[in-house]
Amino acid sequence: MPFSNSSELSPSFILASLPGLEAAQSWMAIPLCSAYVLAVLANGAVLLVVRAEPSLHAPMYFFLCMLAAIDLALATATVPRILCFYWFGSREISFGACLLQMFLIHTLSAVESTVLLAMAVDRYVAICHPLRHAAVLTNGATAKIGLLAMARGVLFFLPLPLLLLPLPFCGPRVLSHSFCLHQDVMNLACANTTPSVVYGLTAILLVMGLDAVLICLSYLLILKAVLRLAAWRERLKVFSTCIAHICVVLAFYVPLIGLSVVHRFGKDLAPLVHIVMGNVYILVPAVLNPIIYGVRTKQIQRRILSLIHVTDR
């Protein structure tokens with residue numbers, strides 16, 4: 001497919017196709033579409049259940065609603081565009097649309113990281129200072145944390161597209177993924193990208209990196225408190241309240257780290273690896289998060305089953 005004839009001032013980019021599998025992309029889009037539909041239904045169900053069930057009107061479940069909304073927004077910002085490419089062959093994405101998509105992906109990822117940290121703090125206070133939990137994490141405080149998470153993501157990652165805006169792009173402008181990421185777009189610029197590299201790395205370390213360290217610290221303190229309990233059964237019962245959150249943290253950070261490693265050290269890897277890792281990073285948390293909490297939370301299970309039963313009637 002020929003590249004865009006757009007000028008360097010307003011370039012367009014070519015989304016990565018599955019190498020050697022271009023003819024089968026329309027069929028391979030079916031599992032991607034199925035995963036997206038599952039993510040929309042599952043996260044939508046979590047939002048509806050928490051809203052309808054008064055017993056779930058607590059900070060932990062409000063944070064879960066934030067995760068569901070973030071995952072819905074992140075998947076919707078990327079997957080429909082990928083499906084248009086796979087089904088209709090629309091590989092070209094404009095410079096403005098690419099920068100907007102890039103901003104949404106990085107900002108929403110930062111917001112999700114902050115919410116995961118807030119959930120870790122919620123578990124720490126609930127286990128280590130149970131008498132202060134209701135006073136510290138009120139519904140008002142939870143709403144403020146959500147707004148702070150959004151503001152933090154926007155403030156840290158808004159400069160990324162602004163730093164790329166004045167750069168010239170020349171030669172083949174083929175991305176490594178089926179959507180736009182800062183590292184990917186930046187590598188296509190034919191100019192000095194040092195400010196963009198330094199700021200991008202700094203933002204990642206100060207947001208996702210710092211959040212990961214603080215989450216680990218929270219669980220070290222939780223583990224220390226749990227080990228003080230005399231009975232093993234009591235220890236397991238208390239720590240089991242953290243299992244769902246730990247799984248959600250791993251579902252977010254493992255694909256994030258994997259994608260970062262592929263970008264940093266995977267220049268010689270097959271293009272298919274980059275595409276698969278990118279899709280995993282976008283869809284795995286969106287699909288797994290509501291399933292994990294649905295399995296671990298009896299109130300959510302009962303409410304969803306009751307909704308299904310009413311629908312069947």
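Leu-210, Leu-214, Leu-217, Leu-220 and Leu-221 make up a nonpolar patch on the surface, with about 410 Å² of accessible area together. This is a predicted model, in which local features need pLDDT of at least 70 and side-chain atom pairs count only at pLDDT 80 or more, while totals for chains, interfaces and linings use all residues. Residues are numbered from 1 along each chain as its sequence is written, and side-chain values use heavy atoms, with hydrogens and water left out.

**The surface patch**

- Patches are built from residues with over 30% relative accessible area and no salt bridge; like charges are joined within 9 Å, and nonpolar side chains (Val, Leu, Ile, Met, Phe, Trp, Tyr) within 5 Å.
- The areas come from the Shrake-Rupley method with a 1.4 Å probe, and for residues only the protein chains shown count as cover.
- Leu-217, one of the patch residues, is found in helix H8; helices are DSSP runs (H or I, at least four residues), numbered from the N terminus.
- Leu-217 counts as partly exposed because its relative accessibility is 43%, given that buried means under 20% relative accessible area, exposed over 50%, and partly exposed in between (1.4 Å probe, protein chains only).

**The largest pocket**

- The largest pocket has a volume of about 1,000 Å³.
- Among the 33 residues that line this pocket, Gln-183, Leu-201, Ser-260, His-263 and Arg-264 are the closest to its centre.
- On a 1 Å grid over the protein atoms alone, a pocket is an open set of points where a 1.4 Å probe fits, with protein on both sides within 12 Å along at least five of seven lines; lining residues have an atom within 4 Å of a point.
- Grid points are joined across faces, edges and corners, and the volume is the space filled by probe spheres set on the points.
- Helix H7 (182-186), helix H8 (194-227), helix H10 (243-265) and helix H11 (271-296) each contribute at least two residues to the lining.
- Sorted by class, the lining holds 19 nonpolar, 11 polar and 3 charged residues. Here Ala, Val, Leu, Ile, Met, Phe, Trp, Tyr, Cys and Pro count as nonpolar, Asp, Glu, Lys and Arg as charged, and the others, Gly among them, as polar.

**Salt bridges**

- Searching the whole structure turns up 2 salt bridges, each defined as a side-chain nitrogen of Lys or Arg within 4 Å of a carboxyl oxygen of Asp or Glu.
- Asp-211 and Arg-152 meet through their side chains in a salt bridge (2.9 Å, N to O). Asp-211 lies in helix H8 and Arg-152 in helix H5 (residues 139-157), so this pair ties together parts that are 59 residues apart in sequence.
- Asp-211 and Arg-152 are both buried, with Arg-152 at 17% relative accessibility.
- Arg-123 pairs with Asp-122 in a salt bridge, where the closest N and O atoms are 3.0 Å apart; both residues are buried.

**Buried positions and C-alpha distances**

- Arg-152 and Thr-107 are 45 residues apart along the chain, and their C-alpha atoms are separated by 8.5 Å.
- Phe-157, also in helix H5, is buried with a relative accessible area of 1%. Its C-alpha is 8.3 Å from that of Ala-110, 47 residues apart in sequence.
- Asn-289 sits in helix H11 and is buried, with a relative accessible area of 1%. Asn-289 and Leu-64 are 225 residues apart in sequence, yet 8.6 Å apart in space, C-alpha to C-alpha.
- Cys-98 belongs to helix H3 (residues 95-128) and is buried at 0% relative accessible area. The C-alpha atoms of Cys-98 and Val-111, 13 residues apart along the chain, are 20 Å apart.
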